Amino acid sequence: MHADAPDAAHYRLVCSVCGHRQSDDGVTLGCPEPHDPGLWKTDYRTEALAPDDRESGVFRYRDWLPVRRTLPGTGRSTVYRSRRLAGFLGLSELWIAFNGYWPEQGGDLTTGTFKELEAATVLGRLPEDAGTLVVTSAGNTAAAFAELCARQRVPVAIVVPAAALPRLRTLAPASDLVRIVAVDGADYADAIALGDALARLPGFTAEGGTRNVGRRDGLATVLLSAVEAMGGLPAYYVQAIGSGAGAIAVHEAALRISAGTAADQQPSGLPQLILAQNSCYAPVHQAWNSGVRPWERDSEREQQEQRESCGRAFAPELTNRRPPYDVGGGLCEALTQSAGQVLVADAAAARAAMETFRELEGIDIEPAAGVALAALRDAVRGGRIDVDGRVLLNISGGGRDRLAAEHELTCHQPDLVVPREAFRCPEQMAEVAAGAAVRRVESLAF
């Protein structure tokens, strides 16, 4: 890492609930004042978007990133105007933010996912003495942190559902600083519970997910890259979501861009968020469209039903059972302010969308991106968007087939496998997981 900015004087943290302001220590995840939960937001000294040509990758937008250092060799979104897919969908102006591996188009995210954007920024924000970072993931974030932490020599303990292990393939070789804990027979919410318990132990630091301003502002660079390419904000922003961190991030960036635009260049309005989820498990869709919040159903039977629904999902990375919906600065607020919509797509529609993208645009895309494209097609057919408006489609992952064909990848194996029955005592399991963070344990029998 380049330790070229030991402080973070170019921004301050601001609480979305009470407005409390403070400097950033690189690890704080919430306001110290007593009130309902809310997300930190960043207030940057630089008011207008000002890309830095001296920096590469995501750090081109360093003035709008909460970082104290830059990392060499990072990538960023590549944004281009689509003709063939736009014609197929019946859209006048479709722009694609491609996040993945696609050399001819400038795609240089080597884990095939936009989670690399957040991983780079989180590590750029992290102080040198933070200890072992704890990251919980449904798969894509795990691959991104495994890649970047191995490359940058940052100690990390990554907690994932066992079903996500096949997604942990990286260009970087295995590192003794990257430890994987897999939870068998569990979903993302179970992995989060174990990760939270592990992060509370001495010597460990929680990455924090959506609460981490580094994660959100890193993901916000999708919009910053698009604004550079398009010359302004889109009318619609389309993305598949699990936690919704990327959607919140893009909305925050749109607000920042609008506030920093000169009067004679003022955008026509904020992009409307068009968000998508798996049809078999869509908690945000339910909350937004019917007011039903599945995460408030706490009985064991209801939780088991949710796990089973998550297990049927075409894109399992979109199955966060406790999204940051009602918190200050969260998804509900972003959807309300942008007059957004939340749609769903089933497996058949998403699979067909993936095939269509490969045929028309020339590259493979990930299941979550297929869900987003299928939802966009339904939105056009249902008259939910103006076909003459500028649409930005976030292809949040792609090029993995191409990458695997051209490179030898490291398939990361777990250092510890925890059966879900062990969750009767998560604190005990956290102690065992902490041991796995410093030595290989492999399995835990119950």
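User: In this predicted model, at what angle do the axes of helix H2 (residues 115-125) and helix H3 (residues 140-152) cross?

Analyst: The two axes come within 8 Å of each other. The crossing is right-handed. The crossing angle is roughly 50°.

User: How many charged residues are in the contact of H2 with H3?

Analyst: H2 brings Lys115, Glu116, Glu118, Ala119, Ala120, Val122 and Leu123. H3 brings Asn140, Thr141, Ala144, Phe145, Leu148 and Cys149. By class, eight are nonpolar and two are polar. The charged residues number three.

User: How is H11 oriented to H12?

Analyst: The axes of H11 (residues 347-361) and H12 (residues 367-381) come within 7 Å. They cross at roughly 95°. Angles of 65 to 115 degrees count as roughly perpendicular. H11 is therefore, relative to H12, roughly perpendicular.

User: How many nonpolar residues are in the contact of H11 with H12?

Analyst: On the H11 side are Ala349, Ala350, Ala353, Met354 and Phe357. They meet Pro367, Gly370, Val371, Leu373 and Ala374 of H12. One residue of this contact is polar and none is charged. The nonpolar count is nine.

User: How many of the 10 residues of helix H6 (residues 221-230) are buried?

Analyst: The buried residues are Thr221, Val222, Leu223, Leu224, Ser225, Ala226, Val227 and Met230. H6 is therefore largely enclosed by the rest of the structure. The buried count is eight.

User: Which residue follows H6?

Analyst: Its phi is positive. The value is near 85°. The residue is Gly231.

How values were computed:
Residues are numbered from 1 along each chain as its sequence is written. This is a predicted model: local features need pLDDT of at least 70, side-chain atom pairs count only at pLDDT 80 or more; totals for chains, interfaces and linings use all residues. Side-chain values use heavy atoms; hydrogens and water are left out. Axes are lines fitted to C-alpha atoms, for helices over the stretch in contact, and angles run from 0 to 180 degrees between N-to-C directions. Helices (H or I, at least four residues) and strands (E, at least two) are DSSP runs, numbered from the N terminus. A crossing is left-handed if the near helix is turned anticlockwise from the far one by less than a right angle, and right-handed if clockwise. Contact means heavy atoms within 4.5 Å. Ala, Val, Leu, Ile, Met, Phe, Trp, Tyr, Cys and Pro count as nonpolar, Asp, Glu, Lys and Arg as charged, and the others, Gly among them, as polar. Angles under 35 degrees count as roughly parallel, over 145 as roughly antiparallel, 65 to 115 as roughly perpendicular and the rest as oblique. Buried means under 20% relative accessible area, exposed over 50%, partly exposed in between (1.4 Å probe, protein chains only).
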